[in-house]
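Please read it alongside the sequence and the structure.

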Amino acid sequence: MITQINKEELKKLYDKDFVLWVEENLKLLKDKQFDLVDWEHLLQEIEDMGNRHLDSVVSFMAVILEHLYKWENFRENEKMGNGWIRSINNGRVEMLRLFDRYPSLRVKSYNEIEYAWKDAVRRLIKWFEDPENIRLAKKYFDRLPTEKDFPGKCPYTFEQILDYEPWLKGLEDYEG
């Protein structure tokens, strides 16, 4: 650790050696030398810590939305889509785990649906660009799709992201 550091050196350290910056700020806080702490970067890092979990939820929602949309619009046969179901279920479990641990995330993530949908659309476009899916792009769009080929507003509600299981339609009547 640096023994004596001034405020300006500490600010520069943030970009040069983040780990050392953390150690120095921690030492200053423990020693109650609050006037030397790099408050600007420290507050930014605290805010980023909170957003990290929200970013994870948005990422899970994007995958769930992508796979729900694929299931309902691009499923070619009975065997296609089982991986999507697993992915949806895994994403939901992870989201619920985060909601259990950080209850405020549920409310915050509700307001992030459109961001998640935008990410889902990007994922869908990339999926169609995969060489094994070019045939599907031609079948459904007669070309590679763009953002304009998908709904501008998310077609699913927050509740559907958490619970909707279109693959179970019709199974209620099955007694097999």
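At what angle do the axes of helix H6 and helix H7 cross? The model is predicted, with local features requiring pLDDT of at least 70 and side-chain atom pairs pLDDT 80 or more, while totals for chains, interfaces and linings use all residues. Residues are numbered from 1 along each chain as its sequence is written, and side-chain values use heavy atoms, without hydrogens and water.

1. The axes of H6 (residues 113–129) and H7 (residues 134–141) cross at roughly 115° and come within 6 Å. Axes are lines fitted to C-alpha atoms over the stretch in contact, with angles from 0 to 180 degrees between N-to-C directions; helices are DSSP runs (H or I, at least four residues) numbered from the N terminus. H6 and H7 are therefore roughly perpendicular (65 to 115 degrees).

2. Contact (heavy atoms within 4.5 Å) involves Trp 127, Phe 128 and Glu 129 of H6, and Ile 134, Leu 136, Ala 137 and Phe 141 of H7. Of the residues in this contact, six are nonpolar, one is charged and none is polar. Here Ala, Val, Leu, Ile, Met, Phe, Trp, Tyr, Cys and Pro count as nonpolar, Asp, Glu, Lys and Arg as charged, and the others, Gly among them, as polar.

3. His 41 lies in helix H3 (residues 39–73) and is buried, at a relative accessible area of 12%. Beyond its neighbours within four places in sequence, His 41 contacts Lys 11, Tyr 14 and Trp 21.

How values were computed: Helices (H or I, at least four residues) and strands (E, at least two) are DSSP runs, numbered from the N terminus. Angles under 35 degrees count as roughly parallel, over 145 as roughly antiparallel, 65 to 115 as roughly perpendicular and the rest as oblique. Buried means under 20% relative accessible area, exposed over 50%, partly exposed in between (1.4 Å probe, protein chains only).
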